[in-house]
Amino acid sequence: MHCVSDSWKAHRLSLIAKQIAPIRVVLCASPDHLKIHGTPKQLEGLEGHRYLHYSYMNIETKGQIFKYLKTKQLKESSIFRSNNGDVLVEAAIEGAGLVLQPTFIASKALNTGKLVIVLPEYEPSPLGLYAVYTHKKLLPHKIRCFISFYDGLLWCTAILG
């Protein structure tokens with residue numbers, strides 16, 4: 001069994017993919033960066049900002065913010081890109097630009113005020129974290145328990161908030 005995000009497509013390999021958690025993604029920047037470059041109120045306000053791009057992010061995902069950032073990414077010649085979300089969050093904290101990251105990576109910086117969410121009204125729909133496996137008949141018992149546990153946890157979270 002593997003755990004993967006939306007950017008990976010299980011259907012290409014005839015595998016079973018069961019969602020085990022939603023992944024909230026937010027656009028954020030440091031307060032210092034926003035003081036210098038201004039806080040965007042609309043998507044067009046992103047023009048004066050550098051976008052710090054996570055190279056594994058599926059920018060083809062639906063949502064206005066993804067479409068806008070893809071266009072912006074193609075326009076910019078000196079883009080900061082990394083395949084490590086922690087590196088991008090640290091760069092954003094240091095004022096290097098805006099970053100679109102899952103809250104599980106950016107939460108510490110957001111909770112301490114080192115980063116603030118920008119354009120929350122354009123926040124994309126949550127991505128998914130999936131357990132991907134072959135056929136249920138071949139699935140080891142401990143993997144079935146893991147999937148059932150997370151399935152129950154998601155149900156409780158949805159009901160209890």
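Which strand do seven bridges join to β8, and do the two run parallel or antiparallel? I find β2 (residues 16-23), and the two strands run antiparallel. Before going on, a note on the source: this is a predicted model, where local features need pLDDT of at least 70, side-chain atom pairs count only at pLDDT 80 or more, and totals for chains, interfaces and linings use all residues. Residues are numbered from 1 along each chain as its sequence is written, and side-chain values use heavy atoms, with hydrogens and water left out.

**Entry: terms for strands.** I take helices (H or I, at least four residues) and strands (E, at least two) as DSSP runs, numbered from the N terminus. Two strands pair if DSSP finds at least two bridges between them.

Entry: Strand β8 covers residues 127-133, and five of its seven residues are buried (under 20% relative accessible area; exposed is over 50%, partly exposed in between, with a 1.4 Å probe and protein chains only).

**Entry: the open sheet.** I read five strands in the order β5-β4-β6-β3-β7, with mixed pairing. The edges are β5 (80-82) and β7 (116-117), each of which pairs on one side only. Walking in from β5, I get three bridges to β4 (residues 51-54), running parallel. Next, β4 and β6 pair over two bridges, in the parallel sense, with leucine 52 opposite valine 99. Then β3 and β6 pair in the antiparallel sense over four bridges; valine 26 has glutamine 101 as its bridge partner.

**Entry: β6.** Five of the five residues in β6 are buried. Leu98, Leu100 and Pro102 point one way, while Val99 and Gln101 point the other way.

Entry: Axes here are lines fitted to C-alpha atoms, for helices over the stretch in contact, and angles run from 0 to 180 degrees between N-to-C directions. Helix α4 (residues 103-111) lies across β3 (25-29), β6 and β7, at about 120° to β6.

**Entry: serine 82.** In the strand pairing, serine 82 is the bridge partner of tyrosine 54. Is serine 82 buried or exposed? Buried, because its relative accessible area is 13%. Leaving aside neighbours within four places in sequence, serine 82 is in contact with His53, Tyr54, Ser55, Val87 and Leu88. Its side chain also reaches the backbone nitrogen of asparagine 84 at 3.0 Å.

**Entry: cores.** A nonpolar core is a set of buried Ala, Val, Leu, Ile, Met, Phe, Trp, Tyr and Cys residues joined through side-chain atoms within 4.5 Å. The largest has 16 residues, of which Leu27, Leu46, Ile65, Leu69, Val118 and Leu119 touch the most other members. I see β3, α2 (64-75) and β6 each supplying at least two residues, and β3 gives the most, with three. Isoleucine 65 touches Leu27, Leu43, Leu46, Leu119, Tyr122 and Pro124, not counting residues up to four places away in sequence. A second, separate core has 13 residues, including Leu52, Ala92, Ala106 and Leu115.

How values were computed
Contact means heavy atoms within 4.5 Å. A polar contact is a pair of N or O atoms within 3.5 Å; within protein, one must be able to donate a hydrogen and the other to accept it, and residues adjacent in sequence count only if both atoms are side-chain atoms.
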